[in-house]
Amino acid sequence: MAYEEQIEKSVTRIFKAVFPNTVNHYDTLFGGTAMHLMDEVAFITATRFTKMRTVTVSSDRIDFKKPIPHGTIIELVGTVVHVGNTSLKVRVDIYVEQMYIEHREHAISGTFTFVAIDENKKPVPIKVPA
Ligand SMILES: CC(=O)SCCNC(=O)CCNC(=O)[C@H](O)C(C)(C)COP(=O)(O)OP(=O)(O)OC[C@H]1O[C@@H](n2cnc3c(N)ncnc32)[C@H](O)[C@@H]1OP(=O)(O)O
C-alpha cells in the first residue's frame, strides 16, 4: 500500500484510566463508551492522516473479545488501513493493562470509514500532504 510514511506518522494512541464512572453493572467498561472512544480516536487518526475535514460514514463490525474491568488502563490505537478516493478506513484496537502488574492484552477491535468533505459537506478526493 502507498502512503506508508504518512500512515506511520498518523498512528494515534490514547490512554485512559477505567474509573468506576465508565463501567456498567458488571463492573466492566460499558460497550457504548468503548465505541465512543473508538470513533474519537479513529476521527483523530483520519484527521492527522489527511489534514482535511472528515466525517464518519460507517463503522464495520466491532469485536469485544475481553471484558475491561474498572481499575485498569486502556490504550486505544488508531491506524489507517485503506485509502480510497474520498474515503479511508481506520482500524482501532483497544488494549487493556493492569495497573500494578505487568499484564496487557488485546480486548476490542473495529474499523471505521471516514469521508473527506469540502466546505459544502460534499465528498472530495483525499490529498495526503507530502
Ligand atoms: C466526526 C463526526 O462526528 S462525523 C458525524 C457523523 N457523520 C455524519 O454526520 C456524516 C453524514 N453523512 C454524510 O454527510 C454523507 O453520507 C457523506 C458526505 C459522508 C458521503 O456522501 P455520499 O454522497 O453518500 O458519498 P458517496 O456515495 O459519493 O461516497 C463517498 C465515499 O464514501 C464511501 N462510502 C459511502 N457510504 C459508505 C458506507 N456506508 N460504508 C463505507 N463506505 C462508504 C464510498 O465508497 C466513497 O468512497 P471512495 O470515494 O473512496 O470510493
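**A loop residue and the sheet beyond it**

Author: Lys51 counts as exposed, because its relative accessibility is 58%; exposed means over 50% relative accessible area, buried under 20% and partly exposed in between, with a 1.4 Å probe and protein chains only. The model is a predicted one, in which local features need pLDDT of at least 70 and side-chain atom pairs count only at pLDDT 80 or more, whereas totals for chains, interfaces and linings use all residues. Residues are numbered from 1 along each chain as its sequence is written, and side-chain values use heavy atoms, with hydrogens and water left out.

Lys51 lies in the loop between H2 and S2. Although Lys51 is not a glycine, its phi is positive, at about 55°. Lys121, in the segment after S5, also has a positive phi, near 65°, without being a glycine. With a relative accessible area of 65%, Lys121 is exposed.

Helices (H or I, at least four residues) and strands (E, at least two) are DSSP runs, numbered from the N terminus.

The 5 strands form an open sheet in the order S1-S3-S4-S5-S2, with antiparallel pairing; two strands count as paired if DSSP finds at least two bridges between them. S1 (12-17) and S2 (54-64) are the edge strands, each with a single partner, so one side of each has no neighbour in the sheet. From one strand to the next the twist averages 20°; axes are lines fitted to C-alpha atoms, for helices over the stretch in contact, and angles run from 0 to 180 degrees between N-to-C directions.

Apart from neighbours within four places in sequence, Met38 is in contact with Ile62, Leu76, Val92, Ile94, Ile108, Ser109, Gly110 and Phe112; contact means heavy atoms within 4.5 Å. Met38 and Ile14 are separated by 24 residues in sequence and by 9.9 Å in space, C-alpha to C-alpha.

Ile14 stands opposite Leu76 in S3, where 6 bridges join S1 to S3 in an antiparallel arrangement. Leu76 has Ile94 as its bridge partner in S4. S3 and S4 pair in the antiparallel sense over 11 bridges, and a hairpin connects them through 3 residues.

S4 is in turn joined to S5 by 11 bridges, and these two strands run antiparallel. They form a hairpin with 5 residues between them, and the bridge partner of Glu97 in S5 is Arg104. S5 is mostly covered, with 10 of its 13 residues buried. Thr111 lies in S5 and counts as buried because its relative accessibility is 17%. Leaving out residues up to four places away in sequence, Thr111 touches Ser58, Ser59, Asp60, Arg61, Lys89, Val90 and Arg91.

Values for the whole chain complete the picture. Of the 130 residues, 38% are buried. Among contacts between residues at least 6 apart in sequence, 70% join residues at least 24 apart. The C-alpha trace spans about 45 × 30 × 20 Å along its principal axes.
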